[in-house]
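Subject: Structure handover

Hello,

Here is the structure I promised to pass on. Please open it first, then read the notes that follow.

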Amino acid sequence: MMSPEEIMHRSSMGSSGRFSCSRRNRFIIIGAVSLLVIVLIGVIIGVSVGDDLSPEMKAMRDELSKALNAVGVSDTGLYDKNNYQWDAFVWLFENNGQTYGRSQLLQRFALGCFYHSTYKMENMYTPTPPGWRLKGNWMTVENECNWRGIECNAGGKVNQIQMGGNYLTGKVPMEIVLLREHLDTLNVTTNLLYMEYEDMKFFEQMTKLQHVVMDDNYIRSDNGVPTYLGACTDLKTLQLSYNVLYGQLDNDLFHKLSNLEHLEIESNFLTGDMPNSIGKLKELVYLYARRNSMSFNLDFLKAGKLNNLFALWLDGNEVTGTIPTEIGQLTGLASLSITNSTELSGPIPTEIGKLTDLRRLWLYNNALSGAIPTELSELPKLEVLELQNNNLEGEIPTTVCANILTQTYIHKALIVDCGKVECPLGTCCTKCGDDNANSQNGNLAN
């Protein structure tokens, strides 16, 4: 029989042996797991960087990488199989049977990036994005000049991207700068693009652009119209209405865009003043800035440079002060709309009678006062005159009545507050703007 001391000694020896065995097993397991992790990391890295590429594919990637680096665009996506650059690169290689020259190779790569960065890309406004509505040869071996929405010049260089209303999501990619030497039109209106301010940095290099049409998307900026556009000094058309633009317009930006003919910034969240530089855009034909939260007077019109202006719409902003007499210098004006601005006061200037091409004049829901100027009789093309909900008085000149009522325009209208302004319904006014007059003349209102 063993003594208690021997029992204790043997028990401790057995426990130590079991512990040693358990520890060895644990080390083995940890080692195996570590090895497995290392293998998995190696596989992932191999997938990411594309170590399994053929020499020909690596050569093409090197060529694309050099081109991107030369224009300051990151090439990291060429090494990431989850990136749109990779998708465009693989497609380009697999469709390279025609052996494109370098210029066409880069052109097709830029368009491939455009496709993959705007096709079924989720964003905060479009969590379940649809695919493109129409593809029309995109991402095929067909020459890119025959793709839907792509137009080329005589040398086969892409000079227009016309992709309006096609369910584009995501964003216009930086790789578009590869087309900078010949692209003059970028039209992506009425899509589902979501782009922040910095996403539009590519405009800094797009100096040949003449037409940028990006209205009705989710273009977001807290600094007004992105100042990157200032590099596009040949720009004639800039349409950014119905987006998510906050902040103020930059005065210097519009000094740079001296060739602008068409400016649309309606229905955003813009604030602040109307830059005086806009009033100096002597080539400007259309200015649409309705439905923002801007607060400004009409002094920008006093520069006398807007002789080519055809349409001026400023409704729904806080327009203050009076209508300047210099409005008579806008001799090309055919459509003027400044409504819903209760701080706009004073008389309708008589100089408005100099605008002999004026067809439509909307000045309702303001605080205008005084008599209706007889000089309105000097506007033979006038089709619409709406002056209701102001503090105007007097009478509508009979010549104005005759001019409007004899027009063939289907939406012709002459509306005033009939309780304050003499304007017989039917023989002059088409409708009364004040409720009392409407109720008194009900059947004659139309």
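**Helix packing**

Helix 2 and helix 3 cross in a right-handed sense. Keep in mind that this is a predicted model. The axes of this pair lie 11 Å apart, at an angle of about 130°. Helix 2 is therefore oblique to helix 3, because an angle over 145 degrees would be needed to count as roughly antiparallel.

The residues in contact are these:

- From helix 2: Glu-56, Met-57, Met-60, Arg-61, Leu-64 and Leu-68.
- From helix 3: Gln-85, Trp-86, Phe-89, Val-90, Leu-92 and Phe-93.

By class, the contact of helix 2 with helix 3 has 9 nonpolar residues, 1 polar and 2 charged.

Helix 3 spans residues 84–94 and also packs on helix 4. Here the axes come within 8 Å and cross at roughly 130°. Helix 3 and helix 4 are therefore oblique to each other. Their crossing is right-handed.

The contact is made by these residues:

- From helix 3: Tyr-84, Gln-85, Asp-87, Ala-88, Phe-89, Trp-91 and Leu-92.
- From helix 4: Leu-105, Arg-108, Phe-109, Gly-112, Cys-113, His-116 and Ser-117.

The contact of helix 3 with helix 4 divides into 8 nonpolar, 4 polar and 2 charged residues.

**The largest pocket**

Its volume is about 220 Å³. The lining has 13 residues, and those closest to the centre are Arg-102, Ser-103, Leu-106, Leu-178 and Arg-180.

Which helix gives the largest share of the lining? Helix 4 does, with 4 residues. Helix 2 (55–70) and helix 4 (102–118) each supply at least two lining residues. By class, the lining of this pocket has 6 nonpolar, 3 polar and 4 charged residues.

**The cavity**

How many cavities of 30 Å³ or more are there? The count comes to 1. The largest cavity has a volume of about 30 Å³. Leu-387, Asn-390, Asn-391, Leu-392, Val-416, Asp-417, Lys-420 and Val-421 line the cavity. Its lining has 4 nonpolar, 2 polar and 2 charged residues.

Best wishes

Note on methods. Residues are numbered from 1 along each chain as its sequence is written. This is a predicted model: local features need pLDDT of at least 70, side-chain atom pairs count only at pLDDT 80 or more; totals for chains, interfaces and linings use all residues. Side-chain values use heavy atoms; hydrogens and water are left out. On a 1 Å grid over the protein atoms alone, a cavity is a set of points where a 1.4 Å probe fits but cannot get out, and a pocket is an open set with protein on both sides within 12 Å along at least five of seven lines; lining residues have an atom within 4 Å of a point. Grid points are joined across faces, edges and corners, and a volume is the space filled by probe spheres set on the points. Ala, Val, Leu, Ile, Met, Phe, Trp, Tyr, Cys and Pro count as nonpolar, Asp, Glu, Lys and Arg as charged, and the others, Gly among them, as polar. Axes are lines fitted to C-alpha atoms, for helices over the stretch in contact, and angles run from 0 to 180 degrees between N-to-C directions. Angles under 35 degrees count as roughly parallel, over 145 as roughly antiparallel, 65 to 115 as roughly perpendicular and the rest as oblique. A crossing is left-handed if the near helix is turned anticlockwise from the far one by less than a right angle, and right-handed if clockwise. Contact means heavy atoms within 4.5 Å.
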